[in-house]
Amino acid sequence: MLQTNLEHIESEEQLKELIENNEKVAVCCGRMGPMCIPVYGIFEILQGNYPDIQFRDMDFDIPSAAIIKGLPECQKFFGLPFTIYYRNGKVVKATSSIQSAKEVKIVIDEVFA
Amino acid sequence: MQKYDVIIIGAGPAGLAAAIYTSRAALSTLVVDESSAGGQVKTTYHVANYPGFVEPIAGHELAGNMREQAEKYGTKFKLAADVTALHLSDQEKWAELDNEDKYTAEFVIIATGSSPRLLNIPGEKDYKGSGVSYCATCDGEFYKDKDIFVIGGGNSAMEESLLLLQFVKSITVIHQFDKLQAEKITADKVTTNPKVDILWSHEPRAFYKKENKMVVEAENLKTHKRIRLERDGIFIFVGLVPNSAFLKNVPIQLTKYGYIITGPQMETNIRGVYAAGDVRDKRHRQITIAVGDGTTAALEVIKHNLN
């Protein structure tokens with residue numbers, strides 16, 4: 001269980017429903033580890049700055065995380081967390097490993113502008 | 001331009017401790033950080049040596065508590081915000097953030113800590129998370145039964161190598177010297193493991209990808225001859241650097257390694273500017289020491305504000 005202040009995605013259905021019903025969604029899938037915690041923290045802050053984007057996290061070790069791990073964009077990822085950006089239900093960007101706030105903001109400006 | 005009594009740059013233990021003190025002293029306090037609050041502590045799995053916690057506490061929990069405590073006393077935060085311009089002089093101090101908000105204060109405490117050092121060579125950034133890693137506990141299992149490089153020969157490189165040995169088929173350590181800098185007891189555990197070999201006196205110059213393999217181009221520092229070696233992944237543990245690059249246009253005294261030089265009361269060469277925590281030049285770097293630094297800096301600010 002992730003100990004963050006983000007809303008957690010706990011099932012494949014929940015993620016599907018979220019991306020079907022929201023134009024802009026960002027999901028950080030990881031563990032409570034040193035590379036992941038900073039990204040959750042950045043998401044927590046940015047969700048106040050970008051109310052039109054749905055920021056969520058997902059535990060990498062739950063079976064439902066297969067929906068993230070199985071994405072073609074993640075097949076060459078070897079570093080946690082996997083961070084996926086969806087627009088209109090489609091993956092528009094995926095990153096692997098730790099990202100700084102600056103890097104996350106650049107992605108957001110690039111894919112959600 | 002918004003005015004505060006104190007601007008604290010950095011929301012790790014030093015910055016948060018300072019904020020708790022200045023806020024409790026009724027000084028308006030703004031804490032700015034390029035990331036979320038907590039500094040390196042938030043990424044520490046368990047903290048077992050922080051007084052007052054009989055059982056180890058999760059680093060992110062300790063960091064969260066510190067932030068909450070500062071907020072409770074009135075500290076304001078601007079997080080995930082870069083300082084894009086900074087002016088520090090005896091007479092005037094202001095900071096501009098990436099959203100173009102400008103803040104001024106009579107006192108500034110710099111507590112930006114340190115970060116893992118990057119090699120800054122071609123390919124490092126491109127393959128982060130897809131062949132280049134910085135955390136054994138996070139990414140080790142992706143390399144189960146694979147051959148990897150570990151770059152570095154200090155304590156963190158050897159400790160992380162011991163973790164990686166639980167997963168990988170082999171480790172090739174690339175180290176710039178001809179002996180390891182790590183403590184002997186840890187280094188011996190790594191070097192005597194049959195899965196480990198060491199490439200001495202070499203430094204990586206570039207990383208490439210060749211099909212599914214990572215290629216390291218390494219230079220022999222004695223002969224300057226370059227070689228290319230292939231493995232499945234690269235883990236980099238080459239120490240820490242102070243987060244002081246943003247001070248490059250500020251007339252603050254730094255050591256040649258970029259640490260801020262302070263006096264015993266955390267004062268820098270600029271009146272009203274203090275430095276605390278791991279960004280400060282000192283021998284030991286611990287959470288408890290950072291908290292002490294932050295407290296000292298805050299008490300000095302409070303004293304000078306009263307004067």
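## A residue in a loop

Helices (H or I, at least four residues) and strands (E, at least two) are DSSP runs, numbered from the N terminus. With that in hand, find B:Asn120: this residue sits in the loop between strand 9 (114-116) and strand 10 (132-133) of chain B. The model is predicted.

Most residues other than glycine have a negative phi, and most peptide bonds are trans. B:Asn120 is not a glycine, yet its phi is positive, at about 55°.

## A cis bond in chain A

Now turn to chain A. The peptide bond that joins A:Leu80 and A:Pro81 is cis. Its omega is about -5°. Where is A:Pro81? A:Pro81 belongs to the loop between helix 3 (66-69) and strand 4 (82-87) of chain A.

## The disulfide

How many disulfides does the structure hold over all chains? The count is 1. B:Cys135 and B:Cys138 form a disulfide, with 2.3 Å between their sulfur atoms. The angle about the S-S bond is 70°, and the link of B:Cys135 and B:Cys138 is right-handed.

## Where the chains meet

Chain B puts 26 residues in contact with 26 residues of chain A. The area buried between the two chains is about 2,100 Å². Carbon and sulfur atoms give 60% of that area. Which residues of chain B lose the most area to chain A? They are B:His60, B:Lys128 and B:Phe142. Together these three account for 26% of what the chain B side buries.

B:Glu141 forms a salt bridge with A:Arg31. The closest N and O atoms of B:Glu141 and A:Arg31 are 2.9 Å apart.

Helix 3 (residues 136-139) of chain B gives the most to the side that touches chain A, with 3 residues.

Terms used. Residues numbered from 1 in each chain as written. Chains lettered and ligands numbered in written order. Predicted model: local features only at pLDDT ≥ 70, side-chain atom pairs only at ≥ 80, totals over all residues. Heavy atoms only, no water. Contact = heavy atoms within 4.5 Å. Buried area = accessible area lost by both parts, 1.4 Å probe. Salt bridge = Lys/Arg side-chain N within 4 Å of Asp/Glu carboxyl O. Disulfide = S-S within 2.5 Å.
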